[in-house]
Amino acid sequence: MRLGLHALGIGDGARPEIVRAVATAAEAHGFARLWCGEHVVLVDAPASRYPYSADGRIAVPADADWLDPLLALTYAAAVTSRIELATGVLLLPEHNPVVVAKQAATLDVLSAGRFSLGFGVGWSAEEFEALGVPFAGRGRRTEEYLAAMRVLWSEDPASFAGEFTRFDAIRVNPKPVRGGRLPVVAGGNGAVALRRAAALADGWYGFGVAVAETGAHVASLAAECARLGRSFDGFTVAVAPADATPEDLPALAAAGVTECVVVGAPPATPDAAAAWVAELARTWMVTGTGTGTATGTGTGTATETRTGSAAGN
């Protein structure tokens, strides 16, 4: 099982020197992938319920710096050469799909094919209102946008006609590195999100899932793939558990998780941030493998990594 790190883009993790320190240290210590989430808008007193915490409130203060994930990961790509990159997640229905298709393909090219697009439908009605996008129907909008983007990535010229977007004989370049295909990972922990992942994506990103509930989620994904006649082999199952310790890693692997994502907030100085990443690596993975392979032999856990809400989603 691989080990990912979700620690970029928020608060101190939004400062360029900390992004550089975390990204380069994560690559040096064998993390497999860097994840970065998104919110364009936060409000001081949201009525919308945050779905990834027991109290329904996001842990990130509304006035915190929060980088655009595609730009943050482009910066991380420029200071690394091997570690993979993923949005975890980009709120797809809030964006123009033609623009996102170009931005995602650009990042994929600049990173030499290291990027995967994690997408979600969003949960904040206030955010959608501020962006002038209807909150209702966002699931259908997301699915259509994804279909349109795949046309843009694979066809030239490209045409598409749907409920929410349409274009005719346009050229959007560059194309993704891997033959006009960019891996996509669906976020969200509910039944509809799991069905969407199985039907439309190359993988699933479960954020803030309890360790005890992970097996049921993976079983639901596998059952849905089987119902659709789709092989579950090669399907990415990345989980940022809400309550995991290193001792839980064998159980997560046995449940079918292919990537355990450690969520945390880095310290405020580059040296401390690099040391923090090194300590996470010593705690969570096999020392010296350089492959991001996680085991259950760690002896401790940094307090910042005990909750899936620490870095937001």
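Tyr 50 sits in the loop between β2 (33-36) and α2 (69-78); helices (H or I, at least four residues) and strands (E, at least two) are DSSP runs, numbered from the N terminus. This is a predicted model, where local features need pLDDT of at least 70, side-chain atom pairs count only at pLDDT 80 or more, and totals for chains, interfaces and linings use all residues. Residues are numbered from 1 along each chain as its sequence is written, and side-chain values use heavy atoms, with hydrogens and water left out.

**Tyr 50**
- Tyr 50 is buried, at 0% relative accessible area (buried means under 20%, exposed over 50%, partly exposed in between, with a 1.4 Å probe and protein chains only).
- From Tyr 50 to Gly 229 you count 179 residues in sequence and 34 Å in space, C-alpha to C-alpha.

**Glu 259**
- Glu 259 belongs to strand β11 (residues 259-263), and this residue is buried too, with a relative accessible area of 1%.
- Its side chain makes a polar contact of 2.6 Å with the side chain of Arg 33 (a pair of N or O atoms within 3.5 Å; within protein, one must be able to donate a hydrogen and the other to accept it, and residues adjacent in sequence count only if both atoms are side-chain atoms).
- Leaving aside residues up to four places away in sequence, Glu 259 touches several others, including Met 1, Trp 35 and Val 237 (contact means heavy atoms within 4.5 Å).

**Cysteines**
- There are zero disulfides here (pairs of cysteine sulfur atoms within 2.5 Å).
- The closest cysteine sulfur to that of Cys 260 is in Cys 36, and at 18 Å it's too far for a bond.
- Cys 260 is buried at 1% relative accessible area, and Cys 225 is buried at 0%.
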